Amino acid sequence: MTHEHDFADTGFLDTTDQSTAIDRAALDQLEAIAERYPVKRSALMPMLHFVQAIDKRVSPAGVEAIAKILEITEAQVQGVATFYTMYKRRPAGRHHIGVCTTALCAVMGGDLLLEQVEQTLGIAPGETTEDGMFSLEKVECNAACDFAPVMMVNWEFMDNMTPEKAEQLLDDLAKGRDVTSTRGPVLTSWADNERVLAGIPDGKANDGPSAGEPSLEGVKIATAKGWSGIPKGVRS
Amino acid sequence: MTLTPILTRNWGTERSWTLAAYQAQGGYKAAKKAFKMTPEQVMNEVKDSQLRGRGGAGFPTGLKWSFVPKDNPNPRYLVVNADESEPGTCKDIPLLMASPHTLLEGVIISAYAINAHTAFIYIRGEVVHPIRRMQQAVQEAYDAGLLGKKILGSGFDLDVIVHAGAGAYICGEETALLNSLEGRRGQPRLRPPFPAVAGLYASPTVINNVESIASVPSIIEYGKDWFAAMGTEKSKGFTIYSLSGHVKRPGQYEAPLGVTMRQLLELAGGIRDGHQLKFFTPGGSSTPILTADDLDVPLDYEGLAAKGTMLGTKAMQVFDETTSVVRTTLRWVEFYEHESCGKCTPCREGNWWLGQLLAKLEAGKGEEGDVDKLLQVVDTIAGKSFCPLAEGALACVTSAVQHFRDEFEVGYHTPAWEHLPYELSAVFTVPGKEDEQ
């Protein structure tokens, strides 16, 4: 069985699933997030990310907890949750796969990659596999156009994708082998990364390179030709 | 023409994202220098450098700062717009990842200039690793006394909060970003009042793009005259040009404003082998497209305005002759349709109608007159929405029809994928489909 999880396509909170893993420690964490801001309602988005880290979706219990802490209505929390595409109505997979199909990536191969991923996983965008391992999303431009065509796993970059690389990626993830983002750490899970988006560091900032090759093209040429932007005589 | 790496110059160095590496190459010298100046002097230095906003609109940065009223008793806020989402735009995210301290030093200097004691860096949510690097940079700065109370012994206090978005292009529009940062739906606000007067929490707020703020330390360190000596008459300084698509070496090329597409293409190795340029965007998909006839137009604010387009985010998406312009336009329109916040009916419904018409044309099921109908729908949207999102959608449609009307009319009888087989524009060969190539 597969199910749709994006608010954008399916409406409001799923109240048929009342399950939650939010405990006292999680509530304390939500309160700590609220205290970061001069006006606590500003914490609503990171708090929603945190709820997803715990409950794998925006759960009714999460909405209730946030509303209580921020002293706003549950409808106000839901109004925000349903506006942004990264908030999920139904549990996302352990690994959330994004394939960029905005114009440039689509033209350069993104459409073909999406077709392939759909076939391999047996799900359509907006769905999660039966075993909960993968969910799939057609993503809009992810600010990595010089690495096109681009895929994202758990919002980590998988640059310059090809059908072979995509096949290998999905196979490795399915079998629990280590997969390293082309510009980031070894992939763990979508829920783990939701914690980072909630502002809770995971100690992996030093993983991965400083930049991918395309980011350095201009600098490489300038270095080879002895070109510099800073004034002569200044040590850089 | 030579490239002028300034913001990008340390991107490839060992552990470039760390405080130690940044300081080893002279980082935070500009902040120290700024604290020896008055806030007014810092503001004037930036104003006189003639730095213009690098996030798309090109508004003079120092002038924007000067709009913050001096007599307003509310706290002031600095907000960095790192919601980089304009199709084709890919310069801020690598900066956050490779050199978050460049941005942070800019934040410190800019906050000092406008007397803000709290700054926010709003980063789109779909890029976890750059967010990690920025979070760590902020923590390192607190630990080193570069943030917090009396930073660098100056008596100036500053807190910085890194905030992750959750997937909404519209939050790149500054008033929508403020709503989002307040924990609301990201929908634009009516102006006036402008954010400088009533922005975040109805307090005076300055919002600048990552690249604009990141340019500030170099202006303070090397001076307004150094900065203004680069570029063209009204477009001063250097900027990052982002090349993507069917070029041999896509990537980031930092150069003085006013270089031409011919020069950039040459540096990028030209169009991929055996192909020719068909069209390109000068500044992301919201800027009208150009063709091979425009290779010598100076890529600055005025040069592109004279050609009826815009510098935008300086994001050149390059497409060769295998590309269907109908398909590309449809996909851009679908992007705007998806990202419309829904506030204004002409944008919300109009983009949907544009998508319907373009999908018909792509499938070869268009009817005589559909191209004119497309332009009529454009007219019903143009100038009738709150924010520039809708105008961006129209820019690609009108310019594509203007340059390639014949190709749209092919859609009256032939599917775009038959007219220009899609496999040919992919950068890889698809197993089982080699024969078609």
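The model is predicted, so local features are given only at pLDDT of at least 70 and side-chain atom pairs only at pLDDT 80 or more, whereas totals for chains, interfaces and linings use all residues. Residues are numbered from 1 along each chain as its sequence is written, chains are lettered from A in the order in which they are written, and side-chain values use heavy atoms, with hydrogens and water left out.

Begin by selecting both sides of the interface, where 81 residues of chain A are in contact with 97 residues of chain B, contact being heavy atoms within 4.5 Å. The two chains bury about 6900 Å² between them, with 62% of it on carbon and sulfur atoms; buried area is the accessible area (1.4 Å probe) that two parts lose on being put together, summed over both. Within chain A, pick out A:Phe83, A:Val107 and A:Ser210, which lose the most area to chain B and together make up 10% of what that side buries.

Next, display the polar pairs across the interface: 36 residue pairs are in polar contact, both residues being at pLDDT 80 or more. A polar contact is a pair of N or O atoms within 3.5 Å, in which, within protein, one must be able to donate a hydrogen and the other to accept it, and residues adjacent in sequence count only if both atoms are side-chain atoms.

Now centre on B:Arg327, in helix H14 (residues 325–339) of chain B. At 3% relative accessibility B:Arg327 counts as buried, that is, under 20% relative accessible area (1.4 Å probe, protein chains only). A polar contact of 2.9 Å joins its side chain to that of A:Asp111, and a polar atom of the B:Arg327 side chain lies 3.2 Å from the backbone oxygen of A:Ala106.

Finally, select the cysteines: the structure holds zero disulfides over all chains, a disulfide being a pair of cysteine sulfur atoms within 2.5 Å. The nearest cysteine sulfur to A:Cys145 is that of A:Cys141, 3.6 Å away, and A:Cys145 is buried at 5% relative accessibility. The sulfur of B:Cys344 is 6.3 Å from the closest cysteine sulfur, in B:Cys341, too far for a bond.

How values were computed:
Buried < 20%, exposed > 50% of the residue type's maximum accessible area, 1.4 Å probe, protein only. Helix = DSSP H or I, 4+ residues; strand = E, 2+ residues; numbered from the N terminus.
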